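This briefing covers a ligand site and the chain interface around it. The structure is shown first.

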Amino acid sequence: MTVNITINGQKIQAQPEQTILEAAREHGINIPTLCYHKDLSPTGNCRICMVDVKGARFLQAACATQVWEGMEIETHGEKSIVSRKMTLEMMLANHPVDCLTCEANGDCELQDLAYEYRVEVPEWGTKGTHYPVDSDPNPFIFVDFNKCILCRRCVQACAEIQVRDVWGVAQRGFDETIVAGADTTMLEARCESCGQCVAYCPTGALTSKISRGLGRAPQVTKVTTTCTYCGVGCQLDLNVKDGKVIGVTSNPDAPVNGMALCVKGRYGWDFIHHPDRLTKPLVRQYLLSDQPKPKGKLGEWVEVDWDTALDITARKLSHARDTFGPDSVGILTSAKCLNEENYLMNKFARQVVGTNNIDHCARL
Amino acid sequence: MAGLAASFGSGAMSNSMDDIAGQAQAFFVIGSNTTEQHPVFGTMLRRAVRFRGAKLIVADPRRIDLVDFATLHLQQKPGTDIVLLNGLMHIILQNGWEDERFIAERCEGFEEFKETVMRYTPQMVSETTSVPVEKLHQAAEIMGTHKPMAVMWAMGITQHISGVPNVLNLANLQMLLGNMGIPGGGVNPLRGQNNVQGACDLGGLPNVYPGYQKVTVAEHNRKFEAAWGAPLSDKIGATVTEIIPDILEGKTHALYILGEDPLMSDPDTAHIRKCMEAVDFLVLQELFPSETSHYADVMLPGASFAEKTGTFTNTERRIQMVHKAVDPPGEALPDWKIITRLAKRMLHGRTLSPDAPYAGWEYSSTADVMIETAALTPLYAGVTHERLERGERLQWPVKALDHPGTPILHVGQFSRGKGIFHPIDHIPPAEEPDEDYPFVMSTGRVIYHWHGGQMTRRAQGLLEVYSEALIEINPDDAARMGITTNGSAQRVRVSSRRGSIEAQAWVTDRVPPGMVYANFHFPDASANELTQAALDPVAKIPEYKVTAVHVEPA
Ligand code: SF4
Ligand code: SF4
């Protein structure tokens, strides 16, 4: 059974359990939202999605109102627009105006709506900073609740996706605020640093500490790939700027994990550009001077070109194979490397060397 | 996964994470610290428990994080998994909770198996495992009355001298309950490393070619000889736990190691060191200098996942694209290019059969390599980069270019036809606590680090939250030895028959009295200084989960 409704004059068949918002989005009709996210249960407290329903005295929250037969909806009527502008103005009155240096610039739903609805920070706004900036010692997550719009997505994300219940809402005098645990640090409130709350935060209130200052959304290219750590196989977007990975963001289309990642997948990327990385082939000095292998200490490393390193390696492996037989060569392939590379290592061992002595660390 | 292959003819995770998390009425998690080792899947289980009311039974000697969400925690003594499972199956049979139809239609060997299980009375099982009889009954009842139930395990089951029998017994349990071939059920070994599944699938094992085609089967051997144009060995090769010790036997003379650090990940580090010192030639292809590189003669700079394009296969057999985002640093190269160049050099001057289609090593990209792989590997026959790039979601077996892949294995029939029940008897651990070494030490990972820690110890934030090796010890034991959580008496020395390490104590009821838990992420206090090379006779997996140790304040 379907329900016939009309949105902005367009006739639509909706499902009976659907909200106005769900029905509209399914048919490509945009209703702006801030607190709503399709992955999280709606809280209906940001008042941005207010729409006109014919016959109703007040505007209705599209995210929380179910459709009914014959419903007629205007998403961008005059009343809705005025209401949205006022709501945005209230939010901005309490919001720092540092978009110039804000991490979330270009990736901020509040900024986008302010732009769309042409709302400025009002003259009468406090503009001040109420809360300490960088208020939590979590090493991955930068917390600045001056930018919080109390949408509660972080609360929901932690409770519903991560099932960890770190964030809650506290009342402090007139101000509602988001707090970790009983107003402790995130880690004390048993935060796992998964960054789910960061991924769902629509503003710059929760951002990545380790990507801070390295580049913002409009400057990065996103490359979708698969996590290098565990066998769950989460997909994620590497954020690249000037040839460097500067962060990781969720990719909502990831088959296994959706928006979710764990601390290693989201924040374990900085090894990629670590100064310890090997950048040149290295061989021991004795190999270059055709000396026998020294007992004990193997001596200095010498940087060489690829041809030299590969010639030596090929010669040594061939020597072992030809002198002691193919089974004198052991090959350990890698559970960190690509399928294609593992295939090639298997071909190398069996075809080139002629041994089945190939294994990897699955056992370990 | 030798155990599962023996029961069903295929050794991989049978189901997918989303059908398990979405449809199982109950979960049985044994020997897997899921929320720390497979974190995102761990949260999927937590969601199922909280929002869907699924039942969760955790069997683990430690009070791991997942226990907070468990309906029931069975805290069996380390090394008594077989007994525990036999006891549970005994009670299931007693109450008639088995799936008679499934057993009759799809399995064989039931009677003999039943005879064995019926010898494990709840009383005796309780004595051996120290799980109260009442909890055994509760667990069996949940299993018997909640269908489908999915079973998950990891190294906590396989890193035992009885690793293979442990797995066979889990297969027995799921056949008994008829939980195979259906969404929300199955036998699900969670694979640790990101591409350990792929490394196994594509010939990174001493007994099989890609796609588990046995080197000992003449037909498979002929197929690869014809494809690669060279004579191939039909003798099963040596495993990692044999290759390295074989150096001292004079059997292994040269080693080519890609992205592994045996000094950190292998048992009995002192012995590994001796072996490495004695090898004639060691070439290491790596991202970073490692503990093993002290013994290397040549080091070749490889590429990280962010620097190459290709595929990984996850724990549920899902093949997914990896995309190059940045160039490798300096002169470092993608590993496939290094392997290819080395192969060409070694083949130089050798004639391979001219009509072998895949004798050569001319690849312009990993997409080419996948075409060759697919041609020779029935499980991957329909896998191409092109399909994956188009957004197709493929889990093997992918039998042809128009085959959609296989999210659930063993639907309607097992890979080998009938599933086999194996009667399994208790095998005590190789090393049990005694007067000199009264504690049991178990090893594993923590959420913030990965394996030997080569990557995670170089990630600033991860190091900040977990910066040194911690030894978990029970508050009662700690109090008895005067170990406290603060002040000066917080370091412990842990010794086994093979070595000794010193580290910070973490006094916590995560471990029961008589047990300590250590990790191998940090070279200055790696638990593998203490572990032994006792191997499961079939899978050759070392017994990391039970080492007898002595503990004292340092
Ligand atoms: S990082 Fe994860 S665990 Fe920590 S508060 Fe955010 S959602 Fe919760
Ligand atoms: S993000 Fe975490 S859970 Fe996902 S694959 Fe990476 S390590 Fe595993």
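Ligand 2 is surrounded by C227(A), Y229(A), C230(A), G233(A), C234(A), L261(A), C262(A), G265(A), P39(B) and V40(B), where a residue counts as near if one of its heavy atoms lies within 4 Å. The model is predicted, so local features need pLDDT of at least 70 and side-chain atom pairs count only at pLDDT 80 or more, while totals for chains, interfaces and linings use all residues; side-chain values use heavy atoms, with hydrogens and water left out. Residues are numbered from 1 along each chain as its sequence is written, and chains are lettered from A and ligands numbered from 1 in the order in which they are written.

**Ligand site**
- Ligand 2 lies between chains A and B.
- The shell around ligand 2 has 8 nonpolar, 2 polar and no charged residues (Gly counts as polar, Cys and Tyr as nonpolar).

**Interface extent**
- In chain A, 111 residues are in contact with 160 residues of chain B (heavy atoms within 4.5 Å).
- About 11400 Å² is buried between chain A and chain B, with carbon and sulfur atoms giving 62% (accessible area, 1.4 Å probe, lost on being put together and summed over both parts).

**Salt bridges**
- Between chain A and chain B the count is 12 salt bridges (a side-chain nitrogen of Lys or Arg within 4 Å of a carboxyl oxygen of Asp or Glu).
- E307(B) and R277(A) form a salt bridge through their side chains, at 2.9 Å from N to O.
- The side of chain A that touches chain B divides into 56 nonpolar, 29 polar and 26 charged residues.

Key
Buried area = accessible area lost by both parts, 1.4 Å probe.
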